[in-house]
Amino acid sequence: MTTPEVLHRYLAALDAGSVDAVIACFAPGGEVASPLYGTLPAARFYPGLFADSSASSTELRRIYVDPRDDREVALAFHYAWVLGDGTPAPFDVVDLVTLTDDRDLIARLTICYDTAPLRSSWQRVASGGSG
């Protein structure tokens, strides 16, 4: 599998809202570093993310590959995130991705975006509060 195929498969799994499909994109022990959720194993991060979400979608902007090490990539996209209570929380994001040596799975993913515009809405939904 090529680097773009791995990343397209990951985005398609995010769009589908499938925990199993997203986790299948990660190596065993793969982890995610998120500005909202902290650093967690992928197998813990995505169930939490999807529990706090309703329908969401991605729009790929660009894939950057490190010319010195093609296991290191950056995935730029727009995430039209909708929180579990229906509150829109869209943002532009860059995921810094480290692939496994065979480049067919994600070993680590670091999510980079500005959380300020959506943090209070997310905290309300994550804590089970309303309006």
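**Chatting through the fold**

Q: Let's start with a tryptophan. What does Trp81 touch?
A: Leaving out residues up to four places away in sequence, Trp81 touches Leu36, Tyr37, Leu49, Ser53, Ser56, Thr87, Pro88, Ala89, Pro90, Phe91, Leu118 and Trp122. Keep in mind that this is a predicted model.

Q: Okay, and the core? Which residues have the most contacts inside the largest nonpolar core?
A: Those are Tyr10, Leu14, Phe26, Tyr46 and Trp81, so our tryptophan is on that list. The core has 36 residues.

Q: Which helices and strands each supply at least two residues of this core?
A: On the helix side, α1 (3–16), α3 (42–51) and α4 (119–126) do. On the strand side, you have β1 (26–34), β4 (72–80), β5 (91–99) and β6 (106–112).

Q: Which element gives the largest share of this core?
A: That's α1, with 6 residues.

Q: Let's look at the helices, then. Which residues of α3 are buried?
A: Ala42, Phe45, Tyr46, Leu49 and Phe50. Looking down the axis of α3, these buried residues fall within an arc of 115°, so they line one face of the helix.

Q: What's exposed on the other side of α3?
A: Arg44 and Ala51 are exposed there.

Q: And what covers the buried residues of α3?
A: The cover includes the helices α1 and α2 (19–23). It also includes the strands β1, β2 (38–41), β4 and β6.

Q: Now α4. Which of its residues are buried?
A: Ser121, Trp122 and Val125. Seen down the axis of α4, they fall within an arc of 95°, so they line one face of that helix.

Q: What comes just after α4?
A: Gly128 is there, with a positive phi of about 85°. Ser127 also lies in the segment after α4.

Q: Is Ser127 buried or exposed?
A: Exposed, because its relative accessible area is 59%, and the cut-off for exposed is over 50%. Ser127 is 75 residues from Asp52 in sequence, and their C-alpha atoms are 9.5 Å apart in space.

Q: Which residue has a positive phi although it is not a glycine?
A: Arg103, with a phi of about 65°. Arg103 is in the loop between β5 and β6, and its relative accessible area of 24% makes it partly exposed.

Q: Switching topic: how many cavities of 30 Å³ or more does a search of the whole structure find?
A: The search finds 1. About 150 Å³ of space lies in the largest cavity.

Q: Which lining residues are closest to its centre?
A: Of the 16 residues that line the largest cavity, the closest to the centre are Phe45, Leu49, Tyr79, Phe91 and Ile111. Phe45 and Leu49 are also buried residues of α3.

Q: How do the lining residues divide into nonpolar, polar and charged?
A: There are 14 nonpolar, 1 polar and 1 charged. As for where the lining comes from, α1, α3, β4 and β5 each supply at least two residues.

Q: Last one: what is Ala107 in contact with?
A: Leaving aside neighbours within four places in sequence, Ala107 is in contact with Gly30, Glu31, Thr98, Leu99 and Thr100. Ala107 is in strand β6 and counts as partly exposed at 28% relative accessibility. Ala107 and Ala42 are 65 residues apart in sequence and 9.4 Å apart in space, C-alpha to C-alpha.

Note on methods
Residues numbered from 1 in each chain as written. Predicted model: local features only at pLDDT ≥ 70, side-chain atom pairs only at ≥ 80, totals over all residues. Heavy atoms only, no water. Core = buried A, V, L, I, M, F, W, Y, C linked by side-chain atoms within 4.5 Å. Buried < 20%, exposed > 50% of the residue type's maximum accessible area, 1.4 Å probe, protein only. Helix = DSSP H or I, 4+ residues; strand = E, 2+ residues; numbered from the N terminus. Contact = heavy atoms within 4.5 Å. 1 Å grid on protein atoms, 1.4 Å probe; cavity = no way out; pocket = protein on both sides within 12 Å on 5 of 7 lines; lining within 4 Å. Points joined across faces, edges and corners; volume = space filled by probe spheres on them. Nonpolar A, V, L, I, M, F, W, Y, C, P; charged D, E, K, R; others polar. Arc of directions from axis to C-beta.
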